[in-house]
Amino acid sequence: MSRRKRKTTPEANSGERPETAAHGGSWHPVPAEAVTQLAEAAITILTMIGMAEAPPVVCDAILAAGGRLDRGRLLYPRALIEATLAEMPRRVLLAGQDPAHDLSVGGTRAYAGTGGAAPNVMDAESGDYRPSRLADLYDAARLADALEHVHFFARSLVAGDVADPLSFDLATAAAALAGTAKHVMVQATEPGHVAPLAALCYRIAGGEAAFRARPFLSLNINHAVPPLRFHAESAEVMAEAVRSGIPVHCNVFGQLGASSPVTLAGSVAQTLAETLAGLAFVHALDPNAPRIAGPRPMITDLRSGGLAGGAGEQAMATGLAVQVLRFWDLPCSVIAGATDSKLPDFQSGYEKALTINTALQAGANLITQAAGSQAGLMAVHFGAMVADNDMMGAILRANIPPEITSRTLALEAIAEVVRGEGHFLGRPETYARMRSDFLYPEIADRAQLGDWALGTRADMGARASARAITLLGRHWPKHLSPDLRADLVHQFGLPVEKEPSS
């Protein structure tokens, strides 16, 4: 299948100059012919093996587009898949409530954020993990709002103290939207919950048209249950979201050796097929609907059956999936940073850095679970969010292409220095670029050894946890009007602003 050549530089209205934006796509795990094989295998799976348990809303759309049923399995028509790959939007606006946080998803532009919907949070007072509550979700959103390199907030915690399913979905969205002006990603438990969620968004935006023009909330939807089955309610949620103008993430979470083949190639091919099943379904409903491919081929530790999200194989599986999506030129989202470590320690740092950096370099547009996730996505640590913000800043900075010009090659300066003072420290351009060209970490330790020895000797995790407590005591976002914020506090029981801690 041929690939159309497309512009992959940032759009003119992206709000960032090319030299300040991190870009991926420089790492190609396999050669071009292997990418073509993977792409064709995914299409073949969907056209020849198909999806089971397709609900009527999916069957009606796919059969009308030329699909067919074969012994209960829904086979997709190749023409629909090819139309999806050729015609679906190449850039998806995931707006912030503040335009400064708008994300233009597509091409090679990379963004990192939270995610995971973990049931546990590290308690700052006891130092133990405990079940998370709505207030913790709101705190996670506030912390994400304060951290520069966290570009979006995908709900990272569940509101375990909200029992009613509709109240749970609405309170989750309200807490996230009140806690941050950045783009928010949540889920809808049932199809009937989409309309109330949309109504909440329309209310905050000032009307339906305003939200459709600048959608500041999108839905993570796990429409498939590997291997190759639909989740009926999630597919219906997807259809309702399309009708409501809410961007959708067509996510598939498969585990290698468990719900997908044990080989990387087979697992990635199946996961891509399941992802395409959602993308093509949306295309059959509305070719212009904003949607993002979300393949998540996850590695299983076959000794225990548990997730191994920080493994080297995880980096490769994600890289393979993203390489195919770059071949198709589709906006995409992946999971990276799913460490098994319980604390922001050495293991957490190397597992997150490995998987996040390789996902970015492969060309992923959205990297979820990149900040704060611990314990194989089962918990969130606020100190880890702060430490990960430092890490993501370094990773993003390492993927900003440098400017190579006669000015930056600095041949005249080199000639002057070697014939003069012998160093560049006092030159005007050194001072001028000291801030513009370098990112200085907030938490990482760059102190001299002697200064470190005379200080507290706290490790990065301890420093990050202390910083998280300070930020949560002081950072109360003001992007909502006082009246609207008061309404949300009253309706959903959100925490009220406290006096800044000293």
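Which residue of E11 is the bridge partner of Val186? The bridge partner of Val186 in strand E11 is Leu219.

The structure is a predicted model, in which local features need pLDDT of at least 70 and side-chain atom pairs count only at pLDDT 80 or more, whereas totals for chains, interfaces and linings use all residues. Residues are numbered from 1 along each chain as its sequence is written, and side-chain values use heavy atoms, with hydrogens and water left out.

Strands (E) are DSSP runs of at least two residues and helices (H or I) of at least four, numbered from the N terminus; two strands pair if DSSP finds at least two bridges between them. E11 (residues 217-222) is parallel to E10 (residues 183-186), with three bridges, and parallel to E14 (residues 248-256), with four bridges. Leu219 has Val248 as its bridge partner in E14. Five of the six residues of E11 are buried, so this strand is largely enclosed by the rest of the structure. Buried denotes under 20% relative accessible area, exposed over 50%, and partly exposed in between (1.4 Å probe, protein chains only).

The structure holds 20 salt bridges, each a side-chain nitrogen of Lys or Arg within 4 Å of a carboxyl oxygen of Asp or Glu.

| Pair | Closest N to O distance |
|---|---|
| Asp301 and Arg303 | 2.8 Å |
| Lys478 and Glu497 | 2.6 Å |

Lys478 lies in the loop between H17 (460-474) and H18 (482-492) and Glu497 in the segment after H18, so the pair ties together parts 19 residues apart in sequence. Lys478 is exposed at 59%, while Glu497 is partly exposed at 40%.
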